[in-house]
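I begin with a term that the first entry relies on.

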Amino acid sequence: MMQPKRRLLGLTVPLAPPPSSAHHAPQHPPPFKQLTSYPAPYYAPYPASQGLAATAALSAPLYPSAPGANQYSTPRSSQAPQAQLYQGPLGIGAPPAAVSAAPCTYATPSSGPQVAVNGQVSAVSPPVLQHYDQTQPVVTQSYKALEPNTGDCAGERPPSGTPSNSVHSSPGHHPGADSSTTGSSSPVPNNYESLEDGSYPDSSSLPPPPPSSKVAPPFGYSYPNLHPAYQQKAPSRTDTTPSYGGCNPPGYQPFSQPFPSMSQLSTTLGGLSGVPELQVEGLRPVNLLQERNILPPSPLPNPEPNLSADLRKVNCSPDTFRCTLTNIPQTQALLNKAKLPLGLLLHPFRDLTQLPVITSNTIVRCRSCRTYINPFVTFLDQRRWKCNLCYRVNDVPDEFMYNPVTRSYGEPHKRPEVQNSTVEFIASSDYMLRPPQPAVYLFVLDVSHSAVETGYLTIFCQSLLDNLDKLPGDTRTRVGFVTFDSTIHFYNLQEGLSQPQMLVVSDIEDIFLPTPDSLLVNLKESRELVKDLLSSLPGMFTHTRETHSSLGPALQAAFKLMSPTGGRVSVFQTQLPTLGAGLLQSREDPNLRSSTKGVQHLGPATDFYKKLALDCSGQQIAVDLFLLTSQYSDLASLACVAKYSAGSIYYYPSFHHVHNLPQLEKFQKDLQRYLTRKIGFEAVMRIRCTKGLSIHTFHGNFFVRSTDLLSLANVNPDSGFAVQMSIDESLADTSLACFQAALLYTSSKGKRRIRVHTLCLPVVSQLSDVFAGADIQAVTCLLANMAIDRSVSSSLSDARDALVNAVVDSLSAYRGTSNLQPAGLVAPSALRLFPLYVLALLKQKALRTGTSTRLDDRVFAMCEFKSQPLQHVMRLVHPNLYRVDDLSDQGALHLNDRMVPQPQLLQLTAEKLTREGAFLMDCGNLLYLWVGKSCSESFIRDVLGCPNHSSIPQNMSQIPEQDNPPSARMRTFLSWLQELRSFWPVLHVVKDDASAKTSFFQHLVEDRTESAFSYYEFLLHIQQQMSK
Ligand SMILES: [Zn+2]
């Protein structure tokens, strides 16, 4: 039976927009509540029926996780076996790497036919266009099995594929009302639960967490008893060793080791006696209304946990792993008293200059809770170690007695695993469900008229050409390309062809792959064809008149193409999708951009993109979204495709390759980083913590596969994660709490690796110690994540109220602890920046009201908060301001051969600006250089290369390279700031009279604006709330 819908060219398909029923009515937030009334309890439970991101991910169903079960498989499993795609000649006949440097010479279709696609002429030359029609079907064995014939082309209908299980209970899903992705067969085993959990013979005795419907957890600290599903796989269930509460059980002689045992440590803890100065400083009362200069002149140091010097030395870097409270409260009751959120901030895959890599046949883990051996375990003797998370006593394997570093026997405590809190293991085949996948990259490119107009395609193709040899991978690396407008275009790049073949599929209602085996090709073998294609792509669509965008069908095609292997899909989109599955309509009312009332449409309009992402996640595919747009494109809906597949989101508003040079520079730099940064495939991450603590809410881009296992189809060095925790059982028996994050992934070279980070923190019983150890930056980041969720699940005003209440509650709680009752508003020094950071959050794009904010801009800022590591989030919240017209080498940082000036940090207020100065503001993803009108001409001449202030050009975004010391200092400082960021911060030079001035001044968060408090007013407001 031939599928009548499987036609290619020349077919006119009715492309009427689908019935509006395909879209869900957005949840309207409740009416705006006056800021002063605070009716909404901050930490009320989430409505379980709503929510995005982590909330929704958490309320996604729990899959039965029987070992080996394929959670994503669908009944149609007759697809060609995956082996077919893994095969292919390796390195045979790879063409010489001659570069044909003739970009864009194909604009004139002289050497090829003009081809009509759906009545529109497109100039296609070098790639041979294969014309398929009904009489010339391109049916392969496998695709017959792939594609059911529905014979239904009316409007937007679900293809008859079986949606994955996750679809049915995802929040807001209306069966049949919207199209789902076509689930294809799944050759990929998915049960990574059993994988990361290990391969010890007795691990099967651990029962999987009971599948159960989840109740959305409450927001914040007043957690009721958690649902069992949230609790850590309780070690006590299988733990045959009685817990001796962190102390050595009777009969064991503590083995001499480099670090004090827990019992030794506990004597140094407790109360404030013996607490280092830093922590006493954390309790110093600060009268906020009097002490105006609370911002430290240099970046805030990370709080030092109150640990012995030995433990401190080996503890995990706070840049990788940190906790909102560096002193863990002993009980939930104590935590509740402090009114501070408890959670972890992680940057697990960040670029490291030093990483101990361990190759060992035996990866030593606790037999009970599966914790990896780490610096904080206790060696009872040479043969036994006690787990620091569940306290089980384990045997030391023979192999572990040998220390490869010192090449000596009998010193298990000197092994690198026990000497470093961040290590990477080369995993054995025990940690694989299938042979490690190759690096597979698929690029899905918008080639509609508006896309081509922006000029991004040329930039992208050139950047990929430049970086083709730097794509992470090995000889197995595969690449493929899909372009789309109103139709979907595939490119046959099979080795041996003389030029790329373009295959057009015009039936977007029922996407199929014309030649499934030759669309993702070995990069080494087809390198010349790939280069040909990249050179000719921009020219092929120069004269396109296609205005439509069938993004959804293109993504469905990408899913099918990538399913057998998994990998990374990079999508470039420039407008609202207008055709086929997943089409969207404008939801933004520009008149409401500066509303002080609620902001609507922060959540997705359809769950199409989320469902597709979950399907992708199940096949180890991550989707990264690049949105380059001049108009509203409903990022709130589109972003879901990246959020739930562990992808990244890039956003370039008003992108144009000629008219917006700063964005052009940013796009180029971001691409450079994106294409060449480290990548991990088919990854999972699990976070374990000391018995008694449990994790209940996750923030970031991922899918929660089972209770606490994060599924990361891809992992990249720029992603951050946050989790919220509660204290289920008293920690009174222990003096230390530990946290371990284990990230299991496949490297781009096809090696299975496990990166393990372990963090150790003291447990305290005094409320004052909890305050003293508060890490205010971590607290702010976690609260920001919680507020973003709240703004989607409830309302923006609710989220804003909750943030204010967080400050009011914690300062009230602190006031309750102190005997002093001074007038004014007093904070412990550790929390002195809390009101300032919360005020800054309230003025940030994601959460502000009353200031004109485009909906997509707002949603992107929300995405950044949810997926960026702490350092980046803090720059977004509270930018760093420096005076730079007088940079000097005094106090400079010595980095290799460079002297990096370290100017003082200034408060974010216009009071700190003078017309005689030049000031640099680092906002994370952009830098402003504000040059005062009376700034010295020598600075303007030496550094900016202009004779005087009035000759500084508009939209200046580069500092010229000039041969003089001030210029060198400035450029060194700038490049130091710009280095190693996931998002390239573009420089804007702001003159006194430029339009960029407005956005520069919007970042001066201590100043009053029409719609928002000044810092001082905000303090008075907090004080007033506290006296209620
Ligand atoms: Zn254990």
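A crossing is called left-handed if the near helix is turned anticlockwise from the far one by less than a right angle, and right-handed if it is turned clockwise. I keep in mind throughout that the model is a predicted one.

**Entry 1: a helix pair**

With that term in hand, I looked at helix H20 (residues 776-793) and helix H23 (residues 855-867), which pack at an angle of about 135° with their axes 9 Å apart. I noted that H20 passes H23 in a left-handed crossing. Angles from 65 to 115 degrees count as roughly perpendicular and those over 145 as roughly antiparallel, and H20 and H23 are therefore oblique to each other. I then listed who touches whom: Ala 784, Asn 785, Ile 788, Asp 789, Ser 791 and Val 792 in H20 meet Met 862, Phe 865 and Lys 866 in H23.

**Entry 2: an enclosed helix**

I next asked how many residues of helix H24 (residues 870-877) are buried. I found that 7 of the 8 are, so H24 is largely enclosed by the rest of the structure. The buried residues in H24 are Leu 870, His 872, Val 873, Met 874, Arg 875, Leu 876 and Val 877, and I recorded that His 872 and Arg 875 are on that list.

**Entry 3: an open sheet and the helix across it**

I traced an open sheet of 5 strands, in the order E34-E31-E35-E36-E37, with mixed pairing. Its edge strands are E34 (905-906) and E37 (986-991), each of which pairs on one side only. Within the sheet, strand E35 (residues 918-922) and strand E36 (residues 926-931) run antiparallel and are joined by 5 bridges, and I picked out Phe 919, whose bridge partner in E36 is Trp 930. Helix H26 (residues 965-978) lies across E31 (880-883), E35, E36 and E37, and I noted that H26 runs at about 15° to E35.

**Entry 4: strand E20 and its neighbours**

I turned to strand E20 (567-573), where 7 of the 7 residues are buried, so that E20 is largely enclosed by the rest of the structure. E15 and E20 run parallel and are joined by 5 bridges, with Leu 442 having Val 569 in E20 as its bridge partner. E20 also runs parallel to strand E21 (residues 621-629), to which 7 bridges join it, and here I saw Arg 568 standing opposite Ala 622 in E21.

Which residues other than glycine have a positive phi? I recorded two cases, His 601 with phi near 65° and Glu 682 with phi of about 35°. His 601 is found in the loop between E20 and helix H15 (608-618), and it is buried, with a relative accessible area of 17%. Glu 682 is found in strand E23 (residues 680-689) and is buried as well, with a relative accessible area of 1%.

Is Ser 429 buried or exposed? I found it exposed, with a relative accessible area of 54%, because the cut-off for that term is over 50%. Ser 429 is found in the loop between strand E14 (422-426) and strand E15 (440-446). I also noted that its C-alpha atom and that of Arg 752 are separated by 8.1 Å, although Ser 429 and Arg 752 are 323 residues apart along the chain.

How values were computed: Residues are numbered from 1 along each chain as its sequence is written. This is a predicted model: local features need pLDDT of at least 70, side-chain atom pairs count only at pLDDT 80 or more; totals for chains, interfaces and linings use all residues. Side-chain values use heavy atoms; hydrogens and water are left out. Two strands pair if DSSP finds at least two bridges between them. Helices (H or I, at least four residues) and strands (E, at least two) are DSSP runs, numbered from the N terminus. Contact means heavy atoms within 4.5 Å. Axes are lines fitted to C-alpha atoms, for helices over the stretch in contact, and angles run from 0 to 180 degrees between N-to-C directions. Buried means under 20% relative accessible area, exposed over 50%, partly exposed in between (1.4 Å probe, protein chains only). Angles under 35 degrees count as roughly parallel, over 145 as roughly antiparallel, 65 to 115 as roughly perpendicular and the rest as oblique.
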